[in-house]
Amino acid sequence: MFFVLGTVEGILPAPVQDDPVLDFFERKLLRQQGFEFEDAAQAARREVISFYALLQTPTLSLTFSYPQMIGKEVTLPSPYES
């Protein structure tokens, strides 16, 4: 039996964000010069693949849970939870 804790919208799946050192625009320019860097679409696909791999791990059951509040903020379940 496996449990996935904290499956809150905006946390799982993790939002794709620019790296503060090398943002997606700079990565695009470097890719045009022949360097291999992940772009935003590839980062989003990586998150999907990671989640899919998680789904393949349990052999009996998989239970998702999320806190109804974080601090004073009401949370929503991740879209993956349904």
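Author: What follows is a close look at the charged pairs and at a helix.

This is a predicted model, in which local features need pLDDT of at least 70 and side-chain atom pairs count only at pLDDT 80 or more, while totals for chains, interfaces and linings use all residues. Residues are numbered from 1 along each chain as its sequence is written, and side-chain values use heavy atoms, with hydrogens and water left out.

The structure holds 4 salt bridges, each being a side-chain nitrogen of Lys or Arg within 4 Å of a carboxyl oxygen of Asp or Glu. One of them joins R46 to E38, with N and O 2.9 Å apart, and R46 also pairs with E47, where the closest N and O atoms are 3.3 Å apart. Through these shared partners, E38, R46 and E47 belong to one network. R46 counts as partly exposed at 40% relative accessibility, as does E38 at 27% and E47 at 22%; here buried means under 20% relative accessible area, exposed over 50%, and partly exposed in between (1.4 Å probe, protein chains only).

Another salt bridge links D39 with R31, their closest N and O atoms lying 4.0 Å apart; D39 is partly exposed at 22%, and R31 is partly exposed at 27%.

E38 and D39 are also among the residues that F24 touches, contact meaning heavy atoms within 4.5 Å. F24 lies in helix α1, helices being DSSP runs (H or I, at least four residues) numbered from the N terminus. At the start of helix α1, which covers residues 24-32, a side-chain oxygen of D23 comes within 3.2 Å of the backbone nitrogen of F25.

Definitions and conventions
Polar contact = N/O pair within 3.5 Å; in protein donor to acceptor, adjacent residues only side chain to side chain. Helix = DSSP H or I, 4+ residues; strand = E, 2+ residues; numbered from the N terminus. Lists of a residue's contacts leave out its neighbours within four places in sequence.
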